[in-house]
2 protein chains.
Amino acid sequence: MNQLVEIKELLKTRKLKATDLRVEVLAIILGFGKAIPYQEIQNSLQNFDRITLYRTLNILIERGILHKISMENNQSFYAMCTLECSTMGHQHQHVHFKCEQCNEVSCVETKEPIQLAIAYHLITDFEVMATGLCGACRL
Amino acid sequence: MNQLVEIKELLKTRKLKATDLRVEVLAIILGFGKAIPYQEIQNSLQNFDRITLYRTLNILIERGILHKISMENNQSFYAMCTLECSTMGHQHQHVHFKCEQCNEVSCVETKEPIQLAIAYHLITDFEVMATGLCGACRL
DNA sequence: TCTCAAACGCAACGATGTTGCATTTATTTA
DNA sequence: TAAATAAATGCAACATCGTTGCGTTTGAGA
Ligand SMILES: [Mn+2]
Ligand SMILES: [Mn+2]
Ligand SMILES: [Zn+2]
Ligand SMILES: [Zn+2]
């Protein structure tokens, strides 16, 4: 089963029409592998409507297909969700890592689950953005 | 020693002129207590130039007086730095917490230092954004 | 008070977010 | 396969914020 069919099936399970832009965007993101900058998505599309792309990304996030990563400089990255995410919500355990050398952003697992406690506060969720050197750049 | 004098002294230690806007902005942020949304800064100023405010916030960050917090929706918050921060750089150990009830964002200390390790990666820095209920809203 | 680097204020441009609405289309159903 | 329709698109329109250049103003030390 090729990627195109897989993408269309994924959209169907989330009750979304398989429109051209949605399929294209998902193919681009899947092909990119790591987290993709918003700009990179735009650059990879030939003809597209900015507003439609905006709504496309939003609904893909809403349905648990993508998640968005906001960087410190307010740049946005997008990445595929894992199987645990669905229309009901997102369930991410991983952290986001930005390599200072190659500037790639990726979703990575930690060696140990992160323990986080704050006095008097009830923590329901948290996300971690780490920076440093990725495996390739560290060599 | 009143706040105004303190602000001017702080600016002096960082080799910055004590201009009206800088003093006003710092007074606003100090008065707000918790992390302040960018909009709130604008709303608290009567007459101001947008570009000057932009450069003001940037240089206050650059000199280790403020730090910026980028929220998931790309909204920016600003908060005072701690004493460890200087012109040489920022040294933050704390995490950022957003209360889902009152929507306040604040800098808080964790009960235990956070341990973070990722296979094959070298982590030089990381930041944590937690959500949940703050002490006041939890009661 | 004088001096001048620093900071300001404005123009100008660009990127992205967001909503409304008329038109088009993907998918279901007859 | 054609019809029906909810969903999605495309465009206008508006807003916020980021960013740079440049001539003018000003804070702070001499
Ligand atoms: Mn991720
Ligand atoms: Mn902080
Ligand atoms: Zn790298
Ligand atoms: Zn609260």
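View 1. The side of chain A that touches chain B draws two or more residues from each of β2 (66–70), β4 (95–99), β6 (122–133) and α5 (135–138) of chain A, the helices (H or I, at least four residues) and strands (E, at least two) being DSSP runs numbered from the N terminus. β6(A) contributes the most to that side, with 12 residues.

Residues are numbered from 1 along each chain as its sequence is written, while chains are lettered from A and ligands numbered from 1 in the order in which they are written. Because the model is predicted, local features need pLDDT of at least 70 and side-chain atom pairs count only at pLDDT 80 or more, whereas totals for chains, interfaces and linings use all residues, and side-chain values use heavy atoms, with hydrogens and water left out.

**View 2. The area buried between the two chains.** Chain A and chain B each bring 37 residues to the contact, which means heavy atoms within 4.5 Å. Together they bury about 2,900 Å², of which 54% is on carbon and sulfur atoms; buried area is the accessible area (1.4 Å probe) that two parts lose on being put together, summed over both. On the chain A side, the residues that lose the most area to chain B are Asn74(A), His121(A) and Leu122(A), which together make up 18% of what that side buries.

View 3. β6(A) pairs with β6 (residues 122–133) of chain B in the antiparallel sense, over 11 bridges, two strands being paired if DSSP finds at least two bridges between them. Within this pairing, Glu127(A) is placed opposite Met129(B) of β6(B). In chain B, 3 strands make an open antiparallel sheet in the order β1-β3-β2. Since β1 (36–37) and β2 (66–70) of chain B stand at its edges with a single partner strand each, one side of each is left without a neighbour in the sheet. β2(B) is joined to β3 (residues 76–80) of chain B by 5 bridges, and Ser70(B) stands opposite Ser76(B).

**View 4. The protein surface around DNA strand D.** DNA strand D is surrounded by 20 residues, each with a heavy atom within 4 Å of the strand, and the closest are Arg22(A), Arg55(A), Ala18(B), Arg50(B) and Tyr54(B). Of the atoms of DNA strand D that come within 4 Å of the protein, sugar and phosphate account for 55%. An N or O atom in the side chain of Arg50(B) is 2.8 Å from a base oxygen, and one in the side chain of Tyr54(B) is 2.7 Å from a phosphate oxygen.

**View 5. A salt bridge inside chain A.** Lys34(A) forms a salt bridge with Glu104(A), with the closest N and O atoms 3.8 Å apart. Lys34(A) lies in the loop between α2 (20–32) and β1 (36–37) and Glu104(A) in the loop between β4 and β5 (105–108) of chain A, so the pair ties together parts that are 70 residues apart in sequence.

Terms used. A polar contact is a pair of N or O atoms within 3.5 Å; within protein, one must be able to donate a hydrogen and the other to accept it, and residues adjacent in sequence count only if both atoms are side-chain atoms. A salt bridge is a side-chain nitrogen of Lys or Arg within 4 Å of a carboxyl oxygen of Asp or Glu.
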